[in-house]
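Take a moment to look at the chain below.

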Amino acid sequence: MGKRIPMSIIRVVHLSIALLLISALGGFYALRNLDTGQPADESRTVFIQKTDGGYQLIRNGQPFVIQGAGGDSHFKELADIGGNTIRLFDTTDLKQKLDEAHQHNLAVIVDFYIPSYLKSYYFYDDEAANDSLKRSIRDVVTEHKDHPALLIWNLGNEINYPVVLRKNDFIRTFNELIAIIHEVDPNHPVSTSIIGVGRKAASSIYIHSPELDLVSFNTFGNTKYVNSNLAQLEFIFGPKPYYFSEMGPDGPWESVSTSWGAPLEATTSKKAELYRTRTDIIKDGGHQAGLGTLIFYWGSKLERTHTWFSLFKDGQKSELIPVIEALWNPSKNVPKLIGLDHMKMNHRVSYDHIIVSPGELSHAEIIFQKMDSDSVRIEWELYPEAWFGDRDDMIIDTYKPIDTFASFDKHKTTFHAPITEGPYRLFAYIYNQDGFFATTNTPFYVLRDK
């Protein structure tokens with residue numbers, strides 16, 4: 001019996017055949033090892049330079065490795081731990097944020113919002129809407145192209161770039177936007193961010209939008225696949241410049257959920273472990289086209305919970321921040337974590353799909369890993385489940401804390417379950433003597449006649 005062909009090789013062959021077919025049918029692209037869309041003119045403020053094995057980013061005449069985070073606040077704190085780049089997810093108050101970033105020696109990646117591609121959404125068929133989008137982006141680039149903090153223009157985040165044989169209205173508009181930015185500002189590269197190292201999406205971009213300078217990847221739980229996916233893309237296209245535009249713990253969309261669909265969030269102790277292992281995966285990939293990595297999220301953000309990605313709360317810092325600092329600065333001592341293990345509610349853990357009756361007196365406690373719990377301070381919060389992630393109307397209308405707590409005793413609390421039937425989540429913030437905090441939470445469901 002012959003040897004079985006590894007699945008990784010089969011996937012590469014399948015992808016190669018598909019792309020060769022696309023190339024032959026489209027008649028617009030030959031599969032070859034291309035340079036980036038713009039020439040490496042060394043007079044430019046920022047450009048991507050081809051090296052013997054890959055690419056490197058050059059800023060103000062010097063090699064520059066992206067090391068920072070996505071967010072729009074706490075610039076000083078980012079610089080203090082060794083960050084050199086902040087990614088802004090929109091252009092709100094852009095001049096003010098560019099100035100603040102420059103004050104702290106941070107380079108800035110600026111996102112342009114553009115509508116994602118959907119077959120059922122005809123934005124890109126609307127000539128007036130397209131013209132308005134082009135004018136607005138041209139105006140922003142014209143106004144800010146000479147700011148010393150500017151690093152990269154990022155044209156859309158997770159835009160669902162279409163995997164198609166022929167250019168459609170979305171791709172034509174996308175390419176026109178790239179051309180506008182290059183025309184107005186030849187001194188800064190243009191990128192776009194896609195989910196994970198999506199081989200099909202990245203391949204379609206390389207084929208249909210070759211003038212794009214680089215692609216960036218948002219990677220969380222799928223970090224374990226990035227090196228194999230990059231290897232397959234490099235096998236077909238050769239090295240292409242990229243950076244990781246978002247990196248962090250598993251997202252709500254990747255996590256195990258309760259029976260009613262509430263995703264289970266990792267503790268900060270577990271998140272610290274994930275930051276370390278995923279940083280190692282990226283470093284150990286051996287890909288010489290990588291230009292750096294950004295952490296997600298530098299600030300406070302509601303994304304299914306207000307603790308999932310947030311690294312700050314009311315000016316206080318998550319214990320993950322010194323972990324990130326140690327990852328960026330190997331000479332730093334690895335910080336000692338607060339020692340949070342997990343939360344118990346009514347003697348059960350979140351995996352037990354906890355259901356209680358309306359008004360039921362419940363209790364919760366924090367379990368620690370070999371430490372004196374008397375040295376910490378705990379704040380408890382109770383919220384309705386944030387079904388709609390980070391929608392503004394959800395924040396305004398329903399996502400407000402509920403005060404039904406009856407008692408607090410060191411690392412324990414008792415509270416009355418809400419009267420209204422539905423999903424809720426109990427949060428704990430655990431602060432150490434240095435002011436850093438750890439977080440954990442437990443989802444539960446209030447059910448009549450359970």
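What follows describes these parts one after another.

This is a predicted model, in which local features need pLDDT of at least 70 and side-chain atom pairs count only at pLDDT 80 or more, while totals for chains, interfaces and linings use all residues. Residues are numbered from 1 along each chain as its sequence is written, and side-chain values use heavy atoms, with hydrogens and water left out.

**The sheet**

Let us begin with the strands. Helices (H or I, at least four residues) and strands (E, at least two) are DSSP runs, numbered from the N terminus, and two strands pair if DSSP finds at least two bridges between them. Strands of a sheet pair through backbone hydrogen bonds, either parallel or antiparallel. Here, an open sheet of three strands has the order β1-β2-β3, with antiparallel pairing. Because β1 and β3 stand at the edges with a single partner strand each, one side of each has no neighbour in the sheet. On average, neighbouring strands of this sheet are turned by 45° against each other, direction ignored; such axes are lines fitted to C-alpha atoms.

The two pairings can be set side by side:

| Pair | Bridges | Residues between the strands |
|---|---|---|
| β1 (residues 46-50) and β2 | five bridges | four residues |
| β2 and β3 (residues 62-64) | three bridges | two residues |

Both pairs form hairpins. In the turn between β2 and β3, N60 has a positive phi of about 50°. I58 has P63 of β3 as its partner.

Helix α7 has twelve residues and reaches 16 Å from its first C-alpha to its last, close to the 16 Å expected at 1.5 Å a residue. Its buried residues include V226, L230, L233 and F237. Just after α7, G238 takes a positive phi of about 80°.

**The pocket**

β2, β3 and α7 are among the elements that each supply at least two residues to the lining of the second largest pocket. The largest share, five residues, comes from β11. This pocket is lined by 27 residues, and V65, I282, K283, G292 and T293 lie nearest its centre.

How values were computed. 1 Å grid on protein atoms, 1.4 Å probe; cavity = no way out; pocket = protein on both sides within 12 Å on 5 of 7 lines; lining within 4 Å. Expected span 1.5 Å × (residues − 1). Buried < 20%, exposed > 50% of the residue type's maximum accessible area, 1.4 Å probe, protein only. Axes fitted to C-alpha atoms, helices over the stretch in contact; angles between N-to-C directions.
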